[in-house]
Amino acid sequence: MTEGTVGDQIVAEYLDQLRAAADVLPAARREELVAEVGAHLQDARREALRDDDGTVRTLLDRLGPPQEIVAAAVAEDRTATTPPVGSRRLPGRDQAATLLLPLGGFLFLVGWFAGVILLWTSEHWTTRQKVIGTLVFPFGSASALILGTLPGRSTVCGSGGEIDVETGRNVSTEVVCSSQGFSLPGWLGAVVFVVMVFAPIAVSIWLSSRAHAYRRPVPS
Amino acid sequence: MQCMEPGGANNLAQLRRGVLVFCVLAILRKDERYGFDLVRALGQVDGLVTTEGTIYPLLARLRRTGLVDTVWRESEAGPPRRYYRLTDQGQRALTVWLEDWTRFRNGVDRLVGAAHD
């Protein structure tokens, strides 16, 4: 299409409408749809006897309104992961994500990052679910241990700091201790620890169940 | 279970939706097709495809669920085309469906035929 005919303009407008309507789809899905419909129109026009705007409009009528195509795409999305024949188990990579998110932090923390990548590249969770899966909690159950190594209630002791100029030695006998950081009452610390260990596991179980629910065919 | 109104436009739509997937797989069993070519083949069955554009979301779903895959091939006219091919999994799904369909169709034909006589 080197020159913009009326037919080209009509097609471009149609594809723009399709792209706008397909805003509800994930970006990759939207681009695939627009590319496929665009290729369809190219082939259809090439094989049509004429390429006047009447012919182009007929081709667009047969394709249907962009909203209807997008509605079909949304409906397919709901059934997308329910193959007519096959298992209903969570795909391996999704299973890996639900294991790595709570437990990957123990694999030198790297495992958790792998879990996050698998989570965000999966098509079986919504963005909201992915955000929750990522934020509860970074590094999963290992976050409890990481928190434990932080200076929660640490006591730093040192001497007064009077240094003998000649010997360079500390001559003060007074030992000064100071507490730094925050401290939690024992019971609250235990609660926080338990929450940090188990919340990522609970979220992971929830993600597994949601992905399964997503896979269930929509009754019609 | 909700009964459909006899003669309603919905009847055909419901039937079509269930059958369309396997018509796509059946066409691809013989050879690979690009989108427009596939839509044209489906169009030969009256009433099977009302809005051609909705085939593409269906094809995308079949690809995601592994029943078909795609390959880019050079075309003699214009840019490369994306061809759809049946996978082994798609072949198995089609075989299972064909058995089910034959049994179902024969049962319905017998029942409707008997009621008609």
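Leaving aside neighbours within four places in sequence, which residues is Leu42(B) in contact with? In this predicted model, the partners are Leu20(B), Cys23(B), Val24(B), Ile27(B), Leu48(B), Val49(B) and Ile55(B).

Leu42(B) belongs to the largest nonpolar core, which has 48 residues. Leu42(B) is among the residues with the most contacts inside this core, together with Val37(A), Leu41(A) and Leu25(B). Helix α1 of chain B, residues 9-30, supplies the largest share of the core, seven residues. In soluble globular proteins, nonpolar side chains tend to be buried together.

Helix α2 of chain B spans residues 35-42 and is mostly covered. Seven of its eight residues are buried. These are Gly35(B), Phe36(B), Asp37(B), Leu38(B), Val39(B), Ala41(B) and Leu42(B). Asp37(B) has a relative accessible area of 16%. Arg40(B) is partly exposed, at 36%. The side chains of Arg40(B) and Asp37(B) form a salt bridge, with N and O 3.1 Å apart. These two residues are three apart in helix α2 of chain B, so about one helical turn separates them. Asp37(B) also meets Arg33(B) in a salt bridge, at 3.4 Å from N to O.

The two chains meet across an interface. Here 29 residues of chain B are in contact with 28 residues of chain A. Chain B and chain A bury about 2400 Å² between them, 55% of it on carbon and sulfur atoms. Phe36(B), Tyr56(B) and Arg64(B) supply 24% of the area that chain B buries against chain A, more than any other three residues.

Seven salt bridges are counted between chain B and chain A. One of the salt bridges pairs Glu76(A) with Arg61(B), whose closest N and O atoms are 2.5 Å apart. The interface also holds 11 residue pairs in polar contact. On chain B, the elements giving two or more residues to the side that touches chain A are α1, α2, α3 (55-64), β3 (81-86) and α4 (88-116). Of these, α3(B) gives the most, with seven residues. By class, this side of chain B has 14 nonpolar, seven polar and eight charged residues.

Over all chains, the count comes to 21 salt bridges. In chain A, Arg50(A) and Asp52(A) are joined by a salt bridge, 2.6 Å from N to O. Arg50(A) is exposed, with a relative accessible area of 56%, whereas Asp52(A) is partly exposed, at 27%.

Technical notes:
Residues numbered from 1 in each chain as written. Chains lettered and ligands numbered in written order. Predicted model: local features only at pLDDT ≥ 70, side-chain atom pairs only at ≥ 80, totals over all residues. Heavy atoms only, no water. Core = buried A, V, L, I, M, F, W, Y, C linked by side-chain atoms within 4.5 Å. Buried < 20%, exposed > 50% of the residue type's maximum accessible area, 1.4 Å probe, protein only. Helix = DSSP H or I, 4+ residues; strand = E, 2+ residues; numbered from the N terminus. Contact = heavy atoms within 4.5 Å. Buried area = accessible area lost by both parts, 1.4 Å probe. Salt bridge = Lys/Arg side-chain N within 4 Å of Asp/Glu carboxyl O. Polar contact = N/O pair within 3.5 Å; in protein donor to acceptor, adjacent residues only side chain to side chain. Nonpolar A, V, L, I, M, F, W, Y, C, P; charged D, E, K, R; others polar.
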